[in-house]
Amino acid sequence: MSAKPIQTRITEMLGIEKPIIQAAMGWIARSQLSSAVSNAGGMGIIETSSGDLDAVRAEIKKMKTLTDKPFGVNVAQAFVRDPDIVQFVIDQGIKFVTTSAGDPMKYTGMLKEAGLTVFHVVPSLQGAMRAIEAGVDGLIVEGGEGGGFKNPKDVASMVLIPQVCEAVDVPVVAAGGIMDGRTMAAAFCLGAEGVLMGTRILSSAESPVHQNWKDAIVGADSTDTVFLNRSGPGPALRALRTERTSRIQKEGVENIFSEFAGTQDVYFGGNLEAGIALTGQVAGRIKEVKPIAQIFEETVAEYHRVVDALPR
C-alpha cells in the first residue's frame with residue numbers, strides 16, 4: 001500500500017507525485033537513472049556537466065521512451081560554455097531546468113521567456129538573493145554536507161535552509177544530507193517544500209556507477225568524506241575519502257580539474273583511486289543498496305511517521 005501523498009508548491013509546480021528531485025550528477029544523471037526517478041514519482045534530471053551535448057541529446061530522447069512522467073535538465077554553467085545551451089534545452093522540449101555553477105542572471109530570463117520553469121542551485125543567502133533578482137521560480141538550497149562541487153565557504157544545511165527560507169517567498173528544495181523521511185521532515189520543518197537527493201540515488205540499484213563505489217558508500221562512516229581545494233584555485237568539492245583524496249586534502253593540488261582525468265575509471269570501472277568519487281556526508285547513514293521506487297516509498301512513509309510523532 002502506497003504512503004499518502006505529500007503535496008507542496010513543488011509537487012504542484014513540477015507536476016510530480018513526490019517532492020523529491022534527483023541531483024544532476026555528471027555522467028551519471030542519464031536516462032537509466034533519471035527515468036527510474038521520474039517513474040517512481042520524483043523529478044529525474046539529465047546532466048549537462050559532462051559537456052557532451054551530443055550524448056545529452058541522445059539521453060533526452062531515450063528518456064521520452066522510458067518514462068511518460070515529468071523530467072528536467074540541469075544547465076551547469078561552469079562546465080557548459082556553449083552559448084547555444086539555452087536554445088539546445090528549449091529545442092528538446094524540456095519544461096523544467098535547474099541551473100547551477102554560475103550567475104543566474106545569465107540564462108534565467110531567456111529560459112523563462114521560452115516558458116520554462118527555472119530553479120537555481122545556491123550555496124549561500126547571497127546566492128539565493130541574486131537568483132531571486134534574476135527571476136527564478138524556485139531555489140535548490142545546498143548545504144556543505146552534500147557531495148560534488150561546493151562553495152569553499154560552506155554552510156551546513158541546518159543553518160542555510162532556514163536562513164534562505166526566512167528571506168524568500170519562492171519554494172525551496174533542500175539539498176545536502178537528505179536521504180530518507182526523517183531528513184525530509186527536518187528539511188520541511190526548516191521551511192523547505194521539497195528535497196534533492198544525490199548520494200542516496202547514486203547508491204541505488206538503478207545507478208549506473210560501479211558496485212565498488214556503491215559498496216564504499218554503504219560501508220562508509222559519516223567522517224569518510226573529505227572537503228577538498230577550499231583555498232583554490234578552482235572549485236572546492238566534497239568526495240569519498242580514499243588514499244588519493246586524503247593526500248589531496250593534506251598536500252593540495254595545483255589543478256583540481258586534472259584529478260578528473262580518470263573519471264570513467266572511477267565511476268564505471270570501479271577504481272576509486274583513479275580520481276575523485278564525489279560523495280556526500282550522508283553516505284554514513286546509507287546501509288543498503290535499494291531500488292529507487294523503494295527508497296521513495298520508504299521516504300514518504302517515514303516522513304509521515306516522523307511528522308505524526310512530533311510533539312504537539
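**Ground rules**

I worked on a predicted model, where local features need pLDDT of at least 70, side-chain atom pairs count only at pLDDT 80 or more, and totals for chains, interfaces and linings use all residues. Residues are numbered from 1 along each chain as its sequence is written, and side-chain values use heavy atoms, with hydrogens and water left out. I took helices (H or I, at least four residues) and strands (E, at least two) as DSSP runs, numbered from the N terminus.

**Entry: strand E6**

I looked up burial in E6, residues 138–142. Buried here means under 20% relative accessible area, exposed over 50%, and partly exposed in between (1.4 Å probe, protein chains only). Four of the five residues of E6 are buried, so the strand is largely enclosed by the rest of the structure.

Next I checked its partners. I counted two strands as paired if DSSP finds at least two bridges between them. E5 (residues 117–122) pairs with E6 in the parallel sense, over four bridges. In that pair, valine 121 stands opposite isoleucine 140 of E6. I then followed the chain from E5 through helix H6 (residues 125–134) to E6, and found this β-α-β crossover to be right-handed. Right-handed means that, with the strands pointing away from the viewer, the path from the first strand over the helix to the second runs clockwise.

E6 also pairs with E8 (residues 172–175), again parallel and over four bridges. There, glutamate 142 faces alanine 175 of E8.

**Entry: the sheet with E11**

Which strands make up the open sheet of three? The order is E7-E11-E10, with antiparallel pairing. The edge strands are E7 (148–150) and E10 (225–228), each pairing on one side only. The twist averages 25° from one strand to the next. For such angles, axes are lines fitted to C-alpha atoms, for helices over the stretch in contact, and the angles run from 0 to 180 degrees between N-to-C directions.

E10 and E11 (residues 236–240) run antiparallel, joined by four bridges. I noted threonine 225 opposite leucine 240, and valine 226 with alanine 239 as its bridge partner. Three bridges join E7 to E11. Phenylalanine 149 has leucine 237 in E11 as its bridge partner.

Is E11 enclosed or exposed? Five of its five residues are buried, so E11 is largely enclosed by the rest of the structure. Helix H11 (residues 243–251) lies across E10 and E11, at about 40° to E10.

**Entry: helix H8**

In H8 (residues 181–189), I found Gly181, Thr183, Met184, Ala185, Ala187 and Phe188 buried. Contact means heavy atoms within 4.5 Å. The buried residues of H8 pack against E1 (20–22), H7 (157–165), E8, E9 (194–197) and H13 (292–309).

I then took the H13 side. H8 and H13 pack at about 55°, with axes 7 Å apart. The two helices are therefore oblique to each other; angles under 35 degrees count as roughly parallel, over 145 as roughly antiparallel, 65 to 115 as roughly perpendicular and the rest as oblique. Residues of H8 that meet H13 include Arg182 and Phe188. On H13, the residues met include Tyr303 and Val307.
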